[in-house]
Amino acid sequence: MINPGIERRRLAALDRLGILDTPPEERFERLTRIARQYYGVKTALFSVLDEDRQWFKSRQGLDTTETPRAVAFCDYAIQQDKLLLVEDATRDPRFQKNPLVTGKPHIRFYAGMPVREPSGFKIGSLCIIDDKPRQFSEIDLDVLRSLASIVEDELERSYIDSDNNEYVPVSHLGRAIHRAQNVFLTSDNERAAFELMLSDLLSLTGSQFGFVGEVLHRQDQTPYLKIGAITNIAWSPETQALYQEVERRGLVFERLDNIMGRPMVTNEVIVSNNLASDARRGGLPKGHPPIRSYIGIPVFSGDRQVGLVGLANRSGGYKAKLAEELEPLMQTVGNLIERKWLYQEKREHQKSLEQAANYDALTGLPNRRRLTELFEQELQEANERNGLVSVCFIDLDGFKEINDEHGHAVGDAVLKSVASRLLTSVRTHDVVARLGGDEFVAILRDVDDERVYARLLDAIRQPISYKHYVLQLSGSMGVTVYPDDDADADLLIRHADQAMYAAKEAGKNTYTLFDLDSHFSRKERVRVIEQIGDAIRLGQLELYYQPKICFSRRTVVGFEALLRWNHPQEGLLGPGHFLDHIEYTEYARSVGNFVIRDAVSLLQEFEQKGLPYTLSVNLSPSHFLGPGFSDDLARALADCSGAVRARLILEILETTALDDTDRVLQNLRACDELGVDISLDDFGTGYSSLDLFRRLTAQEIKIDRSFVMDMLENTDSAMIVSAIISLSKSFRRRLVAEGIESAAVEAKLMELGCDLGQGFLYSRPLPLGQALEWAKNFSWESRALSEA
């Protein structure tokens, strides 16, 4: 059913069109003939609906000129915006009892396209009718749509040509409509759009003053008027102030009992040509000049009043017919305002969705998703300015207890209070976010004083008053700083989180800086562990050899085998780059067995070639102390003669001997039973007792290089070296000094009674072929010349 308000305005528009009861015109006859012939139907009509009847402006295949509106299919067509299609009226509940179906002309098939007059109201339809059911798709009816569009064009042309308007020329009205459409659809400046519209209305009507406003509603559905544009009446300080208020904040009219408010209640045009004596006067804003005559025109979108236009002080006054002439413009404006509202509603809905997606509902702080965006932006800006970014991960101490004891309402109040305090403790460009639960993150720019971190915790530490509670809690915070910690946003937060747990372990209520050294060590450990398996499998590990010189015989007596990694990307790596990282993993044993097997194989080769050299290999603590060590060693020596076994020396750190004495002594006995010598490496750094020294069945002692290299300059180091040599002699242990780099150190060691030496004075570790060649050509004299 058509809304009564819309129907009144539709009928007024039809009346303005002046088409009813006019003779047939060829321009419309031609279109209905085309429709009838193209679709092969009995009847084609251009029908017009007035208040009581359906009248045919053009008819093909039908004798009657009109029918009652009550039986008109066309009445259904104008109630929708698309084509009305009825394939068999006898099967359609709306029409099966219609006298035009049950009697002449026995309508079965109907297809009607609504036809609009220039201001947009649907006045009738272009339709095709048949007395047999038909099946058409909407695509099949595209021609009918096109013909209906041509009908509308003809109506607009005749409307403009006739121009019987008393007040507003149609051509001027059309230009105003186009301007209104353009400014609303192309400009984001709402006030400018309303002001242009008001300017056109004043010009079209010859009015002196005017306003254009939107009709809005409060929660109780009471309407009020929000002024979008008002005439610039800057004739006095008061009127200038009024106009400026509209420019700044808009002006609101709330009274409904005066001439301005009445149209919002009645939905009807209000006219007064003697406002001074009109009982409805009132409502003018303070400072407004006197009004003599006035017209208020409601603006509709469909059946909903969306706006109000007020015009005043027109020479000769106003008549209601002016509103009718302005109806096309009013209709356009109403549709544009409605469109603007829908756009605003969509934008606000989108904003609320973005708010929900990006911000914490309880505290209003950015959530994890939004934090990531802001954080990445901060990192980018820090790179541009060569600045710092501190990441502070905060977890509340004692929050769970507050929640459990007082309930979630109190817990929520505490979280909101903490969020507020954190915000007030940072600068405007810093970021505070809530990750969830009682976890917060602060992103701070260019912090150069650690007291800033303490200030955040101080803010949390202050008592919180809520209702009759006084609550106390604290925070534990982890901090990492970019670019010292050169990671991405997600990893930086994880690092700050790790540091926060360290703060918890340190007693809570404090902050801890992320341990970068440990982190980089762990990171490198992971990298090495990921690659070492392939290194073993692909044969990238290799032993280098450093000669050991016997001082008494002044000859090369053996070598220490030192592990190297021929890394495909990083080149040759020493053991310091990877051995510590694989310690206490499965790879420590795998690498240890590789070294032992390679050394045993080389000793067997020495035996075959008649070379007298011994070979020392280093054992990792976890391999030596592992339960499978003695079995691993026995398998490696299974095919070896006693002479080969006697030349294998296994070096274990003195500190290893202190870790698990019982296991160490057990494995030393196994080595002894297998005929292998043991050397205590880096001796002097482990502080072993004399009793343990006595019990350790090691045949060799290696003095740590730090004492050897420093012995001539540091009396303490010299005393330690002298003591180790004296102790070893007392227990009949062979002495090796490593790290010899000068003839003076060599001479001192020989003076003290040291047996063997190795170091850069003689040779760096070399690949096997070069090491054997060096040993073959070694002479004591050439060593002395080399040092000179």
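Reply: A residue is called buried when its relative accessible area is under 20%, exposed when that area is over 50%, and partly exposed in between. The model discussed here is predicted. By that cut-off Lys702 is buried, because its relative accessible area is 0%.

Lys702 forms a salt bridge with Glu560, with 3.0 Å from N to O. Glu560 belongs to strand β21 (residues 555-567) and Lys702 to strand β26 (residues 700-703), so this pair ties together parts that lie 142 residues apart in sequence. Glu560 is likewise buried, with a relative accessible area of 4%.

A further salt bridge joins Arg705 and Glu738, whose closest N and O atoms are 3.8 Å apart. Here Arg705 sits in helix α26 (residues 705-710) and Glu738 in strand β27 (residues 734-738), a separation of 33 residues. Glu738 is buried at 4% relative accessibility, whereas Arg705, at 38%, counts as partly exposed. Through shared partners, salt bridges connect Glu560, Glu651, Lys702, Arg705 and Glu738 into one network.

Another pair is formed by Asp397 and Lys504, which meet in a salt bridge of 2.6 Å, N to O. Asp397 is in strand β13 (residues 389-397) and Lys504 in helix α16 (residues 489-505), and the two are 107 residues apart. Asp397 counts as buried, because its relative accessibility is 7%.

Conventions: Residues numbered from 1 in each chain as written. Predicted model: local features only at pLDDT ≥ 70, side-chain atom pairs only at ≥ 80, totals over all residues. Heavy atoms only, no water. Salt bridge = Lys/Arg side-chain N within 4 Å of Asp/Glu carboxyl O. Helix = DSSP H or I, 4+ residues; strand = E, 2+ residues; numbered from the N terminus. Buried < 20%, exposed > 50% of the residue type's maximum accessible area, 1.4 Å probe, protein only.
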